[in-house]
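Let me put the model up before I look anything up.

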Amino acid sequence: MNHGAIGKYALWRRRLGRERELWFWSGLCIIWWVIFFLIPIYGIVYSFFNYTPGRALTWDRFVGLKNFISFFQSRDAWKIIRNTLVISGLNMTVGFMAPIILALQLDELRHGLFKKTVQTISYMPYFVSWVVVASLAIALLNSDGVVNEVIIKLGLSDKAIPFLTEGKYFWGLITVLNIWKTVGWSTILYMSAIAGIDQNLYEAGAVDGINRWGMVRYITLPSIMPTIVLLFILSIGNFLNLGYEQNLLLGQSTTREYWEIIDTYVYRYGIQLGRYSFSIAIGLMKSIIGIALVFIANGIARKYTQYSIM
Amino acid sequence: MKQVNYIKRTPSGTIFDIVNVSLLVALSFLLLYPFWNQLIISLNDGLDAQRGGLYFWPRVFTLGNYEYIFKTAGMLRALGWSVLRVIVGTSTKLFATGMLAYITTVSYFSFHRQLRKMFLITMYISGGMIPIYLWMIKLHLIETFTVYWLPSLLGAYEMMIIASYIASLPDAMFESARMDGAKEFKIYLNIVLPLCVPVFAALGVMVAVGHWNSWFDIMIYNPSGNYDTLQMELRNILIQSDKVKKLMQDATVGSDAVKSAAARITSQSMRAATMMIVTIPIVAVYPFFQKYFVKGISIGAVKG
């Protein structure tokens with residue numbers, strides 16, 4: 001009567017025996033997953049409490065949405081949101097177009113060795129750290145740096161331009177540096193899209209008598225448009241992840257009004273000032289909007305192109 | 001590369017080429033010159049460099065800045081931690097993530113799909129900077145070397161790339177090894193690892209560069225500075241001017257040779273030399289590994 005059950009049990013046991021070793025290794029992976037991924041997520045609940053390290057989390061410390069509300073009531077809130085939107089917006093427009101233009105330019109080169117050299121040079125800044133890029137920027141752009149030296153020598157300005165210490169230059173500075181660091185690297189996907197264009201199109205174009213500029217305008221650019229659209233949509237998902245390393249390294253206390261973004265604010269309040277619950281609440285808001293943006297971007301990509309990231 | 005031979009050479013085409021090439025030469029200059037400028041400042045006498053006017057070639061050549069940096073104890077230790085972090089971090093991550101990737105491709109294992117999904121989630125969700133920080137404090141990982149490699153031991157992105165590579169290998173190889181009674185770990189060591197060398201090389205370079213370049217985690221997890229790497233030293237020189245003074249004071253207790261060198265060092269030349277020490281390893285290995293870098297991003301791009 002119990003044959004079926006025993007059979008099932010024996011089957012399971014045999015299966016488990018066969019998979020025993022794999023369960024052991026994946027068990028180790030799962031332990032790591034629980035410790036370094038799952039448990040930190042639980043930390044999000046601190047944002048609804050008034051948390052102090054070392055004290056038990058009891059219900060009388062529950063404050064509901066107070067931490068979230070006090071962020072929006074603070075004077076900083078709107079400036080931080082503004083800075084985040086402006087810098088990210090600049091990255092998504094100017095910063096997005098730069099590698100497309102560079103890829104088109106590289107493709108038009110007749111000389112293979114020159115093209116390779118420019119590509120190699122342009123990838124390089126991607127591999128140095130932000131600390132190095134910030135050091136370069138500070139060394140070259142400060143009041144006695146080489147840039148100001150040349151500007152004064154050429155008579156473009158009679159005194160050094162305070163690129164680093166005056167807030168109004170910060171958005172421009174950070175956008176230029178973001179482009180400087182990533183423009184070459186970001187051409188790779190465009191270059192591989194360009195490599196896939198059917199050569200007959202260019203031949204047909206030549207027969208129709210269009211010139212070089214026309215080839216770029218009417219053949220190359222339309223051919224890589226799907227790649228451009230896809231990468232643009234996917235960049236929506238990263239809209240709030242604009243990178244905080246560069247802002248922390250280049251921002252000075254005098255220019256804070258222009259460089260403080262959500263991530264650096266979370267760092268300052270959480271780690272430097274120890275207001276854990278408050279900063280977790282801000283980080284959580286950012287993550288929720290971020291995940292929503294990823295889903296929206298992915299949805300659009302799936303609908304209008306045949307690709308998706310999930 | 002595009003064959004444009006069938007296009008007639010016209011005057012407008014020539015102008016197009018001239019404009020294009022000059023713009024690219026200008027861009028290359030803008031990308032390279034900052035490094036060159038700092039290289040010559042690092043090779044120039046510190047006090048002399050303060051006079052300005054150094055554009056393309058050192059005026060008073062010296063290796064004193066480098067000599068000085070390598071004589072201060074802090075920098076050598078920082079270099080040691082940097083190298084150790086790169087070696088430990090890269091090898092453990094590749095080995096462990098490779099094993100994870102292999103398990104997710106073993107089709108008879110009843111949990112392989114779920115395991116893969118568990119790790120894919122980690123690409124989209126995380127506890128966030130502060131919850132992770134608080135948890136690291138509780139785990140007593142603050143002020144340790146372990147915090148550099150253990151929390152990033154298993155990577156979902158690397159797992160996907162290695163798994164897709166393993167999946168492209170003939171299954172019969174693993175099956176016959178299993179028939180012969182080989183343990184899964186043996187199969188991983190003796191079959192998977194040797195066959196995955198290309199993908200491990202591509203990812204390894206990426207992971208190594210990431211470890212070499214990282215500084216933010218050092219700043220928050222090891223604030224005492226006991227495990228500072230070169231990036232962190234450079235960042236300290238950049239942000240805190242008192243750090244430079246301290247390093248310069250270190251030299252006043254050294255030998256006479258060090259003392260006389262210290263008199264000619266400025267924070268500008270010190271920063272330039274440190275920056276070069278941080279950058280040169282990357283620039284030196286980069287041309288050889290460029291194809292792996294490019295391969296790395298291309299593998300990642302076709303995952304959709």
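Which residues of H7(B) are buried? I find B:Glu158, B:Met159, B:Met160, B:Ile161, B:Ile162, B:Ala163, B:Tyr165 and B:Ile166 on that list. Buried here means 20 or more other C-beta atoms within 10 Å of a residue's own, exposed means 12 or fewer, partly exposed is in between, and C-beta atoms are placed from the backbone. Helix H7 (residues 156-167) of chain B has 12 residues and reaches 16 Å from its first C-alpha to its last, close to the 16 Å expected at 1.5 Å a residue. That expected span is 1.5 Å times one less than the number of residues. Helices are DSSP runs (H or I, at least four residues) and strands likewise (E, at least two), numbered from the N terminus.

**Ground rules**

I note that this is a predicted model, where local features need pLDDT of at least 70 and side-chain atom pairs count only at pLDDT 80 or more, while totals for chains, interfaces and linings use all residues. Residues are numbered from 1 along each chain as its sequence is written, and chains are lettered from A and ligands numbered from 1 in the order in which they are written.

**Chain B**

I counted up chain B: 15 helices and zero strands. Of its 304 residues, 38% count as buried. Among its contacts between residues at least 6 apart in sequence, 74% join residues at least 24 apart. A contact needs C-beta atoms, placed from the backbone, within 7 Å.

Next I picked B:Leu234, in helix H12 (residues 230-239) of chain B. B:Leu234 counts as buried because it has 26 C-beta neighbours inside 10 Å. Beyond its neighbours within four places in sequence, B:Leu234 is in contact with A:Val131, A:Ser135, B:Thr274, B:Met275 and B:Val278.

**Between the chains**

I then looked at the whole interface: 71 residues of chain A are in contact with 73 residues of chain B. Helix H2 (residues 20-42) of chain A gives the most to the chain A side, with 12 residues. By class, that side has 44 nonpolar, 16 polar and 11 charged residues. For the classes, Ala, Val, Leu, Ile, Met, Phe, Trp, Tyr, Cys and Pro are nonpolar, Asp, Glu, Lys and Arg are charged, and the others, Gly among them, are polar.

**Chain A**

A:Ile194 lies in helix H8 (residues 170-195) of chain A, and is buried, with 20 other C-beta atoms within 10 Å. Not counting residues up to four places away in sequence, A:Ile194 touches A:Ala103, A:Asp107, A:Thr220 and A:Ile224.

I moved on to a helix pair. Helix H4 (residues 76-107) of chain A and H10(A) pack at an angle of about 145°, with their axes 11 Å apart. The axes are lines fitted to C-alpha atoms, for helices over the stretch in contact, and angles run from 0 to 180 degrees between N-to-C directions. The contact residues include A:Phe96 and A:Asp107 of H4(A), and A:Thr220 and A:Phe232 of H10(A). They divide into seven nonpolar, two polar and one charged.

Last, I checked H14 (residues 276-304) of chain A: its 29 residues should span 42 Å at 1.5 Å a residue, and its end C-alpha atoms are 42 Å apart, which agrees. The cover over its buried residues includes H10 (212-237) of chain A and H6 (129-138) of chain B.

Technical notes: Contact = placed C-beta atoms within 7 Å.
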